[in-house]
Number of protein chains: 2
Amino acid sequence: MGLVVQKYGGSSVADAEGIKRVAKRIVEAKKNGHQVVVVVSAMGDTTDELIDLAEQVSPMPSGREFDMLLTAGERISMALLAMAIKNLGHSAQSFTGSQAGVITDSVHNKARIIDVTPGRIRTALDEGNIAIVAGFQGVSQDKKDITTLGRGGSDTTAVALAAALDAEVCEIYTDVDGVFTADPRVVKKAKKIDWIAFEDMLELAASGSKVLLHRCVEYARRYNIPIHVRSSFSGLQGTWVSNAPIQQGDQKVEQAIISGVAHDTSEAKVTVVGVPDKPGEAASIFRAIADAEINIDMVVQNVSAASTGLTDISFTLPKTEGRKAIDALEKARTVIGYDSLRYDDQIGKISLVGAGMKTNPGVTAGFFEALSDAGVNIELISTSEIRISVVTRADDVPEAVRAVHTAFGLDSDSDEAVVYGGTGR
Amino acid sequence: MGLVVQKYGGSSVADAEGIKRVAKRIVEAKKNGHQVVVVVSAMGDTTDELIDLAEQVSPMPSGREFDMLLTAGERISMALLAMAIKNLGHSAQSFTGSQAGVITDSVHNKARIIDVTPGRIRTALDEGNIAIVAGFQGVSQDKKDITTLGRGGSDTTAVALAAALDAEVCEIYTDVDGVFTADPRVVKKAKKIDWIAFEDMLELAASGSKVLLHRCVEYARRYNIPIHVRSSFSGLQGTWVSNAPIQQGDQKVEQAIISGVAHDTSEAKVTVVGVPDKPGEAASIFRAIADAEINIDMVVQNVSAASTGLTDISFTLPKTEGRKAIDALEKARTVIGYDSLRYDDQIGKISLVGAGMKTNPGVTAGFFEALSDAGVNIELISTSEIRISVVTRADDVPEAVRAVHTAFGLDSDSDEAVVYGGTGR
């Protein structure tokens with residue numbers, strides 16, 4: 001039995017009862033002979049409450065102090081969890097990100113892990129303890145300031161520790177049973193995925209699937225750490241994310257042609273209309289955007305109308321960055337030389353993901369046919385080797401996702417029934 | 001203009017409004033040309049709420065994790081305070097106890113400061129920042145674990161930092177205007193004390209005055225750091241605690257014969273009845289108490305009755321320790337050989353404190369006369385060089401304090417009026 005890293009999110013430790021339930025699960029793993037490292041998020045809404053307090057004292061809280069503030073959240077949950085474990089008769093020690101050796105760069109609020117030196121964790125484990133580590137936080141290499149890793153940072157903490165400690169698996173406990181072939185709130189017949197390859201999971205995460213964040217999967221792939229996403233409530237097998245297919249009973253789980261359908265309605269579309277179709281134009285547009293530190297998603301350029309020599313360039317980006325992008329482009333208007341800007345935040349993105357589509361030429365056609373049959377108009381198209389994404393009206397998204405899910409045979413048999421908490425296909 | 005350490009308690013930073021008010025006061029000190037170090041407690045009831053959470057997950061929370069938990073409180077308040085200061089256009093950085101170099105022993109929940117190495121604070125100050133430091137917390141020298149200093153620990157943090165940084169003064173901001181000649185809730189005519197010597201303040205603190213804790217005054221005396229206790233609400237001059245009298249306008253404030261009257265109703269009295277009057281008896285009683293790690297206050301032994309050769313030994317201790325003390329004495333009954341134990345938690349203690357009583361022989365008599373005139377029965381008496389304490393019925397305490405306060409001429413003239421927020425004698 002090797003070392004296991006378990007990560008519990010805020011909803012799993014929302015109150016004293018949740019903490020006690022999680023403590024029991026941790027102790028079970030320890031009793032099964034594992035060395036156990038636990039990464040924990042802040043309780044329930046703690047982080048949001050702290051953000052609210054910060055906004056009350058300062059409209060623009062600074063990075064360093066904001067991180068100092070937010071890290072109080074995990075400090076509370078990890079100490080309580082260690083107490084609850086001790087109360088079950090097992091020894092546990094809690095460690096801040098800094099104590100656990102999570103070394104980051106100095107970019108406050110969204111720091112990146114650059115090294116993990118878990119000497120104290122190793123010692124605690126060797127002395128028979130369960131180690132509880134604060135997720136989401138680290139300490140900056142140069143200034144020794146407290147940093148946070150941004151949204152979903154606790155998952156990254158867990159994977160990074162699993163890599164540094166050479167863990168067998170990184171278990172991500174959450175409030176759903178795993179990764180599904182589509183969002184079960186939209187597609188009632190969505191199925192839990194038993195196994196998915198890192199590449200497909202990366203595309204799903206990038207396309208709007210919320211269960212695992214892109215950065216965490218990227219980290220796990222780089223260090224080849226299998227992730228097991230599962231429910232902290234049900235205790236059932238969840239979704240394995242790894243390089244190689246898993247064994248289930250006598251059978252090896254096969255790679256599916258299509259892993260799933262993801263959607264995202266958090267983006268907006270900017271169209272730069274009437275751009276001269278000559279070298280350097282796209283560059284000047286996206287230089288203006290990059291200088292404003294805005295991350296963009298899809299970029300599409302249509303062919304130019306021969307009569308005018310002008311073209312349109314569209315891109316999507318988080319709605320929250322919309323204002324900033326428009327401001328940046330307006331400032332750069334004379335440099336770029338476009339006609340006008342269009343901003344549309346009533347869009348949605350639907351993505352079909354699957355490594356199998358590389359060798360199955362009908363996938364793209366089937367995708368568009370399904371959308372057409374559902375009466376959904378396509379506004380933009382963008383593809384990668386294992387993903388096709390389209391932009392549609394936001395209102396069309398639920399219907400479009402269901403249509404595509406059915407068309408690619410992803411719907412579960414209605415007889416099998418249990419989707420949440422079910423054992424899958 | 002030198003360096004000033006300011007300490008703000010939980011009631012001063014109870015909410016966002018409080019934090020903003022305190023931020024303004026800090027910025028004023030900075031504008032006046034001081035280097036400013038601020039020690040801050042957890043907001044309002046945060047610490048109690050965290051203790052409540054701990055009790056929900058574990059009936060006996062362990063020291064290490066309990067400290068990890070509680071230190072989240074100051075982390076929140078200090079980060080918010082730094083943000084609020086920045087919002088006023090001044091630069092501020094917050095530091096945990098560990099970052100501030102507050103090194104303690106390893107006794108969790110009531111650690112003692114053994115060294116202060118404020119290198120990062122010094123750097124922050126030299127770079128023009130206001131330094132905000134978490135009160136109440138430190139890091140253990142041997143294990144590098146987070147520790148807390150126990151009740152009132154933030155005051156000690158402030159004084160210790162003031163000593164290490166060679167500050168001009170340590171300002172303790174609180175919700176009252178200073179130290180009074182008696183508790184103003186009991187004695188309406190109590191006066192604010194302009195200046196009090198360390199020795200008298202130590203006795204007052206030991207006798208039930210809550211404004212400053214004994215440990216903090218002791219530390220200030222050892223390093224000769226003047227303390228200025230004042231209100232974070234009114235901004236008026238408060239009480240100076242120091243070695244040498246302060247100057248006020250053209251006049252030096254004189255040492256009063258009597259500094260004040262303190263009272264304490266948090267103690268209980270244990271009487272060990274029928275103890276053989278021979279060497280070693282008292283020792284065996286207090287060895288049993290000490291082994292149970294109980295701190296006691298007054299100890300009184302009456303002369304033995306000649307007929308029996310037996311004596312009674314009484315002592316007082318915090319009510320919270322009562323059960324433990326009785327248990328310890330019952331266990332040691334055969335060793336000690338007493339008749340019976342009496343436990344009484346309906347007592348109160350009244351203490352008259354003043355360095356002047358050394359050279360004013362009438363003080364003790366006057367004290368007893370005042371109590372007698374008020375019809376208050378004395379149950380125990382104990383004295384030091386500059387203090388007389390008596391134990392009475394708890395019910396008699398308010399009347400007794402008022403009588404003594406009046407008898408020693410401490411009442412303010414009713415014409416002067418303003419007691420809270422007044423300028424004193």
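Analyst: We begin with a definition: a residue is called buried when its relative accessible area is under 20%, and exposed when that area is over 50%. Please keep in mind throughout that this model is predicted.

User: Is A:Gly9 buried or exposed?

Analyst: A:Gly9 has a relative accessibility of 9%, so this residue counts as buried. A:Gly9 sits in the loop that connects strand E1 (3–8) with helix H1 (16–31) of chain A. Apart from neighbours within four places in sequence, A:Gly9 is in contact with A:Ser41 and A:Tyr173.

User: Which residues does UniProt place under the feature "binding site"?

Analyst: The unreviewed UniProt entry places that feature at A:Lys7, A:Tyr8, A:Gly9, A:Gly10, A:Thr174, A:Asp175, A:Arg185, A:Lys210 and A:Val211. These positions span 205 residues in sequence and the farthest two C-alpha atoms are 23.8 Å apart, so they do not all gather at one spot.

User: Where is A:Arg185 placed, and is A:Arg185 buried or exposed?

Analyst: A:Arg185 lies in the loop between strand E9 (169–174) and strand E10 (195–197) of chain A. With a relative accessible area of 66%, A:Arg185 is exposed. Its side chain makes a polar contact of 2.9 Å with the side chain of A:Asp183.

User: How should I read strand pairing, and in which sense do E1(A) and E2(A) pair?

Analyst: As a general idea, side chains in a regular strand alternate between the two faces of the sheet. In this structure, E1(A) and E2(A) pair in the parallel sense, over six bridges. The chain passes from E1(A) through H1(A) to E2(A) in a right-handed β-α-β crossover.

User: Which other strand is joined to E2(A), and how many residues of strand E2 are buried?

Analyst: Strand E6 (residues 130–134) of chain A runs parallel to E2(A), and four bridges join the two. A:Val37 has A:Ala131 as its bridge partner in E6(A). Strand E2 (residues 35–40) is mostly covered, with five of its six residues buried.

User: How far apart are A:Ala111 and A:Leu149 in sequence and in space?

Analyst: They are 38 residues apart in sequence, while their C-alpha atoms are 4.7 Å apart in space. A:Ala111 belongs to the loop between strand E4 (102–104) and strand E5 (113–116) of chain A. A:Ala111 counts as buried, at 0% relative accessibility. Not counting residues up to four places away in sequence, A:Ala111 touches several residues, including A:Thr104, A:Thr147 and A:Arg215.

User: How many residues of chain B are in contact with chain A, and what area do the two chains bury?

Analyst: In chain B, 41 residues are in contact with 41 residues of chain A. Between them the two chains bury about 3300 Å², 62% of it on carbon and sulfur atoms. B:Val57, B:Arg75 and B:Met83 supply 22% of the area that chain B buries against chain A, more than any other three residues.

Conventions
Residues numbered from 1 in each chain as written. Chains lettered and ligands numbered in written order. Predicted model: local features only at pLDDT ≥ 70, side-chain atom pairs only at ≥ 80, totals over all residues. Heavy atoms only, no water. UniProt positions renumbered as here; feature names shortened; annotations may be inferred. Buried < 20%, exposed > 50% of the residue type's maximum accessible area, 1.4 Å probe, protein only. Contact = heavy atoms within 4.5 Å. Polar contact = N/O pair within 3.5 Å; in protein donor to acceptor, adjacent residues only side chain to side chain. Pairing = 2+ DSSP bridges. Right-handed = clockwise from strand over helix to strand, strands pointing away. Buried area = accessible area lost by both parts, 1.4 Å probe.
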